[in-house]
Amino acid sequence: MYNVTNINFKGGIAMLEKVQGIVKVTQDDRYVVFLFDNYEVNRKMLQDKYVKGQTAWYTDAKGTGEDGKEFYRIAEDGEWIEAEYVEFIPTED
């Protein structure tokens, strides 16, 4: 079901997995979770891009940076949400 790609850069390993599912934001709906431009160590928080708590988003990729932090891609233009703020729910084809 999962197709894993390891990417070597600067001596570290980042991992990108193809997934299919929904990520539900576990934060209370009074809060927002900021998104990032990628999952790698050089990622930057997007100050103007965020999602509300208790919302759900389709995801097709899970990335793990060389620092071990995990993210899910939730936008076609490559916006990533930190895995610690979501619950992943796999879906069928």
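Visitor: Which residues make up the largest nonpolar core?
Guide: This is a predicted model. Its largest nonpolar core has 11 residues in all. They are Val 19, Val 23, Val 25, Val 33, Leu 35, Val 51, Tyr 72, Ile 74, Ile 81, Ala 83 and Val 86.

Visitor: Which elements give two or more residues to this core?
Guide: Those are β2 (12-25) and β3 (32-36). The largest share comes from β2, with 3 residues.

Visitor: Where does Trp 80 belong, then?
Guide: Trp 80 is in a second, separate core of 6 residues. Ala 14, Phe 36 and Ala 61 are among the other members.

Visitor: Switching topic. How many helices and strands?
Guide: There are 0 helices and 8 strands. Along the sequence the pattern reads β-β-β-β-β-β-β-β.

Visitor: What percentage of the protein is buried?
Guide: Buried residues are 34% of the 93 in the protein.

Visitor: And the surface? How much belongs to carbon and sulfur atoms?
Guide: Carbon and sulfur atoms account for 48% of an accessible surface of about 6,000 Å².

Visitor: Last one. Of contacts between residues at least 6 apart in sequence, what percentage join residues at least 24 apart?
Guide: That comes to 58%.

Definitions and conventions:
Residues numbered from 1 in each chain as written. Predicted model: local features only at pLDDT ≥ 70, side-chain atom pairs only at ≥ 80, totals over all residues. Heavy atoms only, no water. Core = buried A, V, L, I, M, F, W, Y, C linked by side-chain atoms within 4.5 Å. Buried < 20%, exposed > 50% of the residue type's maximum accessible area, 1.4 Å probe, protein only. Helix = DSSP H or I, 4+ residues; strand = E, 2+ residues; numbered from the N terminus. Contact = heavy atoms within 4.5 Å. Areas by Shrake-Rupley, 256 points an atom, 1.4 Å probe, with all protein chains shown as cover.
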